[in-house]
Amino acid sequence: MPVSNIRRRSLHFENLQQALEDAETILHAPEGYFTTGQWSAGQILDHLAFWVERPVDGFPFQLPWILRWFGPLMKRTMLEQPMRPGFRWRGQIALLATPQMEVETEAGLAHFRRAIERFEAGPLLPRSPAFGPMSREDWTQLQCRHAELHLSFLHPQSSL
């Protein structure tokens with residue numbers, strides 16, 4: 001099934017605490033939860049944590065020149081508009097950013113929680129390798145758009 005046809009929730013976060021609260025609410029719902037898409041809840045949360053850590057720890061890769069060139073032109077759109085599902089990284093970035101193994105749900109949630117704590121407490125990189133200069137608010141909005149995309153694939157069992 002094409003990713004665009006997969007059932008997703010409509011989400012909007014202003015900060016990462018809202019994203020964390022949404023994940024905790026869904027994962028700890030008394031009736032349980034289910035995922036749509038190709039990743040488990042643990043993989044989704046671990047993936048989000050990986051990207052939340054990048055502005056704190058740095059990026060262990062360089063983006064292709066075409067992304068570095070177009071990135072600044074797309075910055076506002078990426079910070080303000082919902083991300084679309086289906087983007088696939090290639091090469092080394094795909095190995096780092098795409099789940100390679102199963103992650104236990106609670107381990108993924110704990111990683112996401114720790115990553116958010118570090119993101120909110122520490123200094124952030126002043127530049128994105130894709131979008132150029134980034135303020136704390138820019139980084140936060142980019143992380144929120146990313147969390148909206150991935151957490152939209154988690155559903156409370158009661159929504160069936």
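1. Glu102 and its contacts. Leaving out residues up to four places away in sequence, Glu102 touches Ser40 and Gln43 (contact means heavy atoms within 4.5 Å). With Ser40 there is also a side-chain to side-chain polar contact, at 2.7 Å. (A polar contact is a pair of N or O atoms within 3.5 Å; within protein, one must be able to donate a hydrogen and the other to accept it, and residues adjacent in sequence count only if both atoms are side-chain atoms.) Glu102 sits in the loop between helix H4 (91–97) and H5. (Helices are DSSP runs of H or I with at least four residues, strands are runs of E with at least two, and both are numbered from the N terminus.)

2. What kind of model this is. It is a predicted model, where local features need pLDDT of at least 70 and side-chain atom pairs count only at pLDDT 80 or more, while totals for chains, interfaces and linings use all residues. Residues are numbered from 1 along each chain as its sequence is written, and side-chain values use heavy atoms, with hydrogens and water left out.

3. Glu102, exposure and distance. Glu102 counts as exposed because its relative accessibility is 52% (buried means under 20% relative accessible area, exposed over 50%, partly exposed in between, with a 1.4 Å probe and protein chains only). Trp139 is 37 residues from Glu102 along the chain, and their C-alpha atoms are 28 Å apart.

4. H2 on H5. Helix H2 (residues 41–57) packs on helix H5 (residues 105–121) at an angle of about 20°, the axes being 8 Å apart. (Axes are lines fitted to C-alpha atoms, for helices over the stretch in contact, and angles run from 0 to 180 degrees between N-to-C directions.) So H2 and H5 are roughly parallel to each other. (That label covers angles under 35 degrees; over 145 is roughly antiparallel, 65 to 115 roughly perpendicular, and the rest oblique.) H2 passes H5 in a left-handed crossing, meaning that the near helix is turned anticlockwise from the far one by less than a right angle, clockwise being right-handed.

5. Who makes the H2–H5 contact? On the H2 side, the residues include Leu45, Leu48, Phe50, Val52 and Val56, and H5 brings, among them, Leu109, Phe112, Ile116 and Phe119. By class, the residues of this contact split into 13 nonpolar, four polar and four charged. (Nonpolar takes in Ala, Val, Leu, Ile, Met, Phe, Trp, Tyr, Cys and Pro; charged is Asp, Glu, Lys and Arg; the others, Gly among them, are polar.)

6. H1 on H6. The axes of helix H1 (residues 16–27) and H6 come within 9 Å, crossing at roughly 15°. H1 is therefore roughly parallel to H6, and their crossing is left-handed. H1 contributes Leu16, Ala19, Asp22 and Ala23 to the contact, and H6 contributes Gln143, Cys144, Ala147 and Leu151. In class terms, the H1–H6 contact has six nonpolar, one polar and one charged residues.

7. H3 on H6. For helix H3 (residues 65–80) and H6, the axes come within 7 Å and cross at roughly 60°, so H3 and H6 are oblique to each other. Lys75, Arg76, Met78, Leu79 and Glu80 of H3 meet Asp138, Gln141, Leu142 and Arg145 of H6. The H3–H6 contact divides into three nonpolar, one polar and five charged residues.

8. Gly37 is 39 residues from Arg76 in sequence, and the C-alpha to C-alpha distance is 27 Å.

9. Gln141 in H6. Gln141 is found in helix H6 (residues 136–151) and is buried, as its relative accessible area is 11%. The Gln141 side chain makes a polar contact with the side chain of Arg145 (2.7 Å), and the backbone oxygen of Glu14 is 3.1 Å from a polar atom of the Gln141 side chain. Leaving aside neighbours within four places in sequence, Gln141 is in contact with Phe13, Glu14 and Leu79. Glu80 is 61 residues from Gln141 along the chain, with 7.4 Å between the C-alpha atoms.

10. Thr140, also worth a look. Thr140 has its place in helix H6 and counts as buried because its relative accessible area is 12%. Neighbours within four places in sequence aside, Thr140 is in contact with Glu14, Asn15 and Phe119.
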